[in-house]
Amino acid sequence: MNELLDSLAKSSDSAVSPDDIHYQMLKHLPPDALQSLLNTLNNIWLTGNFPPSWRQSPIVPIPKAGKDLSDPSNYRPIALTSCVCKVMKRMVNNRLVWYLKRNKLITLMQSGFRKGRSTTDQLVRLETFVREAFIQKQHSAVIFFDLEKAYDTT
């Protein structure tokens with residue numbers, strides 16, 4: 001129940017999906033209804049039977065500011081995913097991150113998608129690496145990847 005309440009507390013109001021259930025509804029559920037929701041989420045986790053509506057999301061194109069609206073690439077696609085699905089996703093993600101940290105299964109070098117870490121951490125590491133090589137009169141080599149539309153090609 002603590003994980004469910006934490007997930008709800010960390011959610012912020014967003015566009016509602018076709019199921020018309022939004023975060024404010026979930027945040028104001030009485031204790032019995034919260035327990036029923038938790039039982040449902042646990043059942044989904046144990047059986048792997050996800051509601052069919054969670055497998056599909058309407059996509060709403062949001063235009064990029066100052067761009068030619070006749071070009072489809074100048075729109076940002078937003079998926080209207082169920083808030084209940086996002087609550088469960090947050091719960092699973094929190095538990096997974098906890099497990100990975102607790103069992104030291106994630107390297108300290110990992111900065112992407114980690115709380116309290118950013119690109120700046122990697123830039124500082126790179127700068128340190130280059131400075132140390134310079135001081136020791138050694139060479140340093142770096143390879144940069146620029147993945148245009150990375151999510152489209154992954």
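Analyst: This is a predicted model. In it, the buried residues of α3 pack against α1, α2 and α4.

User: Which residues of α3 are buried, and why do they line one face of the helix?

Analyst: Seen down the axis of α3, the buried residues fall within an arc of 120°, so they line one face. An α-helix has 3.6 residues a turn, so positions three or four places apart point the same way. The buried residues are Leu34, Leu37, Leu38, Leu41 and Ile44.

User: Which exposed residues does the face of α3 turned away from its buried side carry?

Analyst: Exposed here requires over 50% relative accessible area. On the face of α3 turned away from the buried side, the exposed residues are Asp32 and Leu46.

User: What distance separates the end C-alpha atoms of α3, and what span should its 17 residues have?

Analyst: At 1.5 Å a residue, the 17 residues of α3 should span 24 Å. The computed separation of the end C-alpha atoms agrees with this, at 24 Å.

User: What is the phi of the residue that follows α3?

Analyst: α3 is followed by Gly48. The phi of Gly48 is positive, near 75°.

User: Which residues of α1 are buried, and on which side of the helix do they lie?

Analyst: In α1, the buried residues are Leu4, Ser7 and Leu8. They cover an arc of only 100° around the axis, which puts them on the same side of α1. The face turned away from that buried side carries the exposed residues Asn2 and Ala9. The buried residues of α1 pack against α2, α3 and α4.

User: At what angle do α1 and α4 pack, and what is the handedness of the crossing?

Analyst: Helix α1 (residues 2-9) and helix α4 (residues 83-102) have their axes 9 Å apart. They pack at an angle of about 115°, and the crossing is right-handed.

User: Which residues make the contact between α1 and α4, and how many of them are nonpolar, polar and charged?

Analyst: From α1 the contact uses Glu3, Leu4, Asp6, Ser7 and Leu8. From α4 it uses Val87, Arg90, Met91, Asn94 and Arg95. By class, the contact of α1 with α4 has 4 nonpolar, 2 polar and 4 charged residues.

User: Is Asn74 buried or exposed?

Analyst: Asn74 is found in the loop between β1 (59-63) and β2 (75-79). Leaving out residues up to four places away in sequence, Asn74 touches Ile62, Pro63, Lys64, Lys67 and Asp68. The cut-off for buried is under 20% relative accessible area. Asn74 has a relative accessible area of 13%, so Asn74 is buried.

Definitions and conventions: Residues are numbered from 1 along each chain as its sequence is written. This is a predicted model: local features need pLDDT of at least 70, side-chain atom pairs count only at pLDDT 80 or more; totals for chains, interfaces and linings use all residues. Side-chain values use heavy atoms; hydrogens and water are left out. Axes are lines fitted to C-alpha atoms, for helices over the stretch in contact, and angles run from 0 to 180 degrees between N-to-C directions. Helices (H or I, at least four residues) and strands (E, at least two) are DSSP runs, numbered from the N terminus. A crossing is left-handed if the near helix is turned anticlockwise from the far one by less than a right angle, and right-handed if clockwise. Contact means heavy atoms within 4.5 Å. Ala, Val, Leu, Ile, Met, Phe, Trp, Tyr, Cys and Pro count as nonpolar, Asp, Glu, Lys and Arg as charged, and the others, Gly among them, as polar. Buried means under 20% relative accessible area, exposed over 50%, partly exposed in between (1.4 Å probe, protein chains only). The arc is that of the directions from the helix axis to the C-beta atoms. The expected span of a helix is 1.5 Å times one less than its number of residues.
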